[in-house]
Amino acid sequence: MCTGRPGWLTMSLRLGQYKKKLHQIYLPLMDVLDIDTSRQIVRVEPLVTMGQLSATLLSQGWTLPVVPELDDLTVGGLINGTGVETSSHIYGLFQHICVSYELILSDGSVVTCTKDNEPDLFYSVPWAHGTLGFLLSAEIRIIPAKKFVHLQYTPTYTLDDFIKKFTYESTRKDPHQFVEALAFGPDRSVLMVADMTDQPDPKKINKIGHYYKPWFYKHVETFLRKGPSEEYIPLQDYFHRHTRSLFWQLQYIIPFGNNQLFRYFLGWLMPPKVSLLKLTQGETIRKLYEEHQFIQDLMIPLNSLKEAIGVLHDTVKIYPIWLCPFLLHADPGMVHPQQDSGQMYVDVGLYGEPQVMGYQAARDTRKMEAYCRKTGGFQMLYADSYMTKDEFCEMFDHQLYDKMREQLNCKSAFPHVYDKVGRKTLL
Ligand SMILES: Cc1cc2nc3c(=O)[nH]c(=O)nc-3n(C[C@H](O)[C@H](O)[C@H](O)COP(=O)(O)OP(=O)(O)OC[C@H]3O[C@@H](n4cnc5c(N)ncnc54)[C@H](O)[C@@H]3O)c2cc1C
Ligand SMILES: NC(=O)C1=CN([C@@H]2O[C@H](COP(=O)(O)OP(=O)(O)OC[C@H]3O[C@@H](n4cnc5c(N)ncnc54)[C@H](OP(=O)(O)O)[C@@H]3O)[C@@H](O)[C@H]2O)C=CC1
Ligand SMILES: CC(C)=CCC[C@@H](C)[C@H]1CC[C@@]2(C)C3=C(CC[C@]12C)[C@@]1(C)CC[C@H](O)C(C)(C)[C@@H]1CC3
């Protein structure tokens, strides 16, 4: 079994060919069920999207501690897959802000698991991609929101200076609420730290969410020239700052999209719906993307970042690079640090056309996957994974997952997670 959500509706690169072979279970569950401000918990169904949830919560003065920024990402996808954002250096991944999951298992029974009740199930759901049961609802923590974020930009011009400042901001004892960086070259980066506030300086307010405003990453790049700066951005605009340009992928689809005239007259049409692009994309475009684009998020320990930037420069040479620190909790399950306590990791996001000569998708992605395993890191599974099953099992800890599959009689009910996400099985 798998969910009946069509592959073209999802925010991953894959079309979900496995869905054709499996029995599809329709789960039209798309409601925000309850906002309990005394417990600071929101109860939601799996098809609730980030755009919908952040608008609902913000209207009441609340927000999720971690808001993955593309509007169409769903709670179900973020729990059964994963989610990360610029506040993750404090709160961890999306799974770490979840308090309970209500699931329907292969025998039809419904269970609610938390870290104290059915902990094995609770810890094995994230990253299992719906191969242990179907999610019916989840309870997620919420925190009070403010109207603006005070965002400070610091350009750096050497790799060493950048690593020093980025490491400091990611690990300091009194951290800023949001930390992110964009690397525009091996030694040209802009570090951004931000905090929520209700007292913006009116002269420094920038409503970056307006449709005629420049794409956010282009705006950030200007600070390499202008030097350090600060702004006040409406919170909702901040959360969805990379939505309008799909990070920097829209430049390949609409190359003139950031042109001033285009923005003023047609900017309100942007971004195209990812699901519409997926639904209408032909086989040729799909192949072109597969062969000429490298879209991957590698989650590696922060102390490997300097080396990783060098390796990525030599292997694919793609800029900008999205850098987002996150605290990986030492919880049981498929993804945890190699040490016994939590460890600071960084999500290294590469979304673009490799500028190296002779790039070969399968060969070079495999190289990056091997490097990621060597550092003790993980690949985000919305992207194409070319690993073999053994390599996959080396990257993701299968101990608890295998135990739960055995215990819950999953083998005849759900495919193995590798058979859902592995690229080889889709060829
Ligand atoms: C993407 C998406 C996200 C959603 N998210 C949420 C969410 O977060 N929370 C939530 O609560 N819901 C959510 N919904 C569901 C939505 O709230 C319901 O579809 C709601 O019923 C839509 O209201 P409407 O005003 O568009 O009504 P309609 O769709 O026009 O009507 C809803 C029903 O009421 C009937 N009806 C309308 N008027 C009358 C009348 N005068 N007398 C008798 N019957 C009448 C209609 O025949 C129909 O059966 C979502 C839906 C979608 C598609
Ligand atoms: N900032 C970020 O963190 C970003 C994250 N992403 C990635 O995008 C993906 C989310 O995209 P989205 O379109 O929302 O999700 P998808 O529909 O792609 O779902 C992802 C996985 O979760 C499973 N799943 C979804 N809902 C349920 C459910 N109710 N019960 C059981 N399993 C379920 C799906 O199973 P099935 O195949 O059976 O439907 C699928 O394997 C995540 O993997 C995330 O990592 C992408 C961009 C940014
Ligand atoms: C962890 C983080 C921040 C991840 C961000 C990932 C985005 C850059 C990804 C998510 C979905 C994504 C893979 C997508 C695409 C680009 C990169 C996206 C937006 C596009 C639009 C590229 C063009 C393709 O033809 C197609 C339409 C299939 C995909 C759809 C998904």
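I count a residue as near a molecule or strand if one of its heavy atoms lies within 4 Å of it. This is a predicted model, so I note that local features need pLDDT of at least 70, side-chain atom pairs count only at pLDDT 80 or more, and totals for chains, interfaces and linings use all residues. Residues are numbered from 1 along each chain as its sequence is written, chains are lettered from A and ligands numbered from 1 in written order, and side-chain values use heavy atoms, with hydrogens and water left out.

**Entry 1: ligand 2**

I looked up the shell first. Around ligand 2 there are 29 residues, and Thr-3, Met-11, Tyr-18, Thr-74 and Thr-82 come nearest.

Next, polar contacts (pairs of N or O atoms within 3.5 Å; within protein, one must be able to donate a hydrogen and the other to accept it, and residues adjacent in sequence count only if both atoms are side-chain atoms). The side chain of Thr-3 puts an N or O atom 2.5 Å from an oxygen atom of ligand 2. Leu-135 uses a backbone N or O atom, 2.8 Å from a nitrogen atom of the ligand. Lys-420 has a polar side-chain atom 2.8 Å from an oxygen atom of ligand 2.

How much of ligand 2 does the protein cover? I get 94% of the 910 Å² of accessible area that the ligand has on its own (Shrake-Rupley, 1.4 Å probe; for residues, only the protein chains shown count as cover).

Helix H3 gives the most to this shell, with three residues (helices, H or I, have at least four residues and strands, E, at least two; both are DSSP runs numbered from the N terminus).

**Entry 2: ligand 3**

I find 19 residues around ligand 3, with Phe-247, Gln-281, Tyr-289, Asp-297 and Trp-322 closest. A polar side-chain atom of Gln-281 sits 2.6 Å from an oxygen atom of the ligand. The protein covers 95% of the 650 Å² of accessible area that ligand 3 has on its own. Helix H11 (274-280), strand E14 (294-301) and strand E16 (343-352) each give two or more residues to the shell, and H11 has the largest share, three residues.

**Entry 3: the sheet**

I traced an open sheet of eight strands, ordered E13-E10-E12-E11-E15-E16-E14-E17, with antiparallel pairing (two strands pair if DSSP finds at least two bridges between them). E13 (229-234) and E17 (378-379) are the edges, each with a single partner strand, so one side of each has no neighbour in the sheet.

E11 (178-185) and E15 (321-328) pair over three bridges. Which residue in E15 is the bridge partner of Leu-182? I get Trp-322.
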